[in-house]
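Grab a pencil and work through these exercises with the sequence and the structure side by side. Try each task yourself before you read its solution.

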Amino acid sequence: QVQLAESGGGLVQAGGSLRVSCKASGIIFSINMMNWYRQAPGKQREWVAYITSSSSTNYAGFVKGRFTISRDNAKNTVYLQMNSLKPEDTAVYYCKSGTYSTWGQGTQVTVSS
């Protein structure tokens, strides 16, 4: 079955950087578009970025220029490099395939001011 395992979250000061990872199993990773979403406390889950099988990317306006999504098909892993972090980036970050409805457990990112 499809499994997604996010990791790499943590506590960082505003202006800092963090890279979160998501390892996928149970899918042919290389042909799947992969997304990152996030959910802040008390808010709905929101889309952050996607990367296609050909590595085209797109970003939500609130992270454009600060976050970079990438993938390593040999490792079945998608990454989200987050720079210039702001307190409002505090959330649980999730990855999701564009094809399957499965969610991982997420990884907590906390940005202190």
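Two strands pair if DSSP finds at least two bridges between them. Strands (E, at least two residues) are DSSP runs, numbered from the N terminus. One thing to keep in mind: this is a predicted model, where local features need pLDDT of at least 70, side-chain atom pairs count only at pLDDT 80 or more, and totals for chains, interfaces and linings use all residues. Residues are numbered from 1 along each chain as its sequence is written, and side-chain values use heavy atoms, with hydrogens and water left out.

**Exercise 1. Work out how the open sheet of four strands is put together.**

Solution. 
- Step 1: write down the order, which is 1-3-8-7, with antiparallel pairing.
- Step 2: look for the edges. Strand 1 (3-7) and strand 7 each have a single partner strand, so one side of each is left without a neighbour in the sheet.
- Step 3: pick out one pair. Strand 3 and strand 8 run antiparallel and share six bridges. Here Leu18 sits opposite Met82 in strand 8.

**Exercise 2. Which residues does the disulfide join?**

Solution. 
- Step 1: recall the cut-off, a pair of cysteine sulfur atoms within 2.5 Å.
- Step 2: search the whole structure, and one disulfide turns up. Its partners are Cys22 and Cys95, with an S to S distance of 1.8 Å.
- Step 3: Cys22 lies in strand 3 (residues 18-25) and Cys95 in strand 9 (residues 91-97), so the pair ties together parts 73 residues apart in sequence.
- Step 4: ask about burial (buried is under 20% relative accessible area, exposed over 50%, partly exposed in between, with a 1.4 Å probe and protein chains only). Cys22 is buried at 0%, and Cys95 is buried at 0% too.

**Exercise 3. How many residues are in the largest nonpolar core?**

Solution. 
- Step 1: know what counts: buried Ala, Val, Leu, Ile, Met, Phe, Trp, Tyr and Cys residues joined through side-chain atoms within 4.5 Å.
- Step 2: the largest core has 28 residues, and those with the most contacts inside it include Trp36, Phe67 and Met82.
- Step 3: strand 3 gives the largest share, four residues.
- Step 4: zoom in on Met82. Leaving aside neighbours within four places in sequence, its contacts (heavy atoms within 4.5 Å) include Leu18, Val20, Phe67 and Tyr93.

**Exercise 4. Classify the ring pairs of Tyr37 with Trp103 and Trp47 with Tyr50.**

Solution. 
- Step 1: rings of Phe, Tyr and Trp (its six-membered ring) pair if their centres lie within 6.5 Å; planes under 30 degrees apart count as stacked, over 60 as edge-to-face and the rest as tilted.
- Step 2: for Tyr37 and Trp103, the centres are 5.0 Å apart and the planes are at 75°, so this pair is edge-to-face.
- Step 3: for Trp47 and Tyr50, the values are 5.8 Å and 40°, so that pair is tilted.
- Step 4: Trp103 is partly exposed at 33%, Trp47 is partly exposed at 25%, and Tyr50 is partly exposed at 25%.
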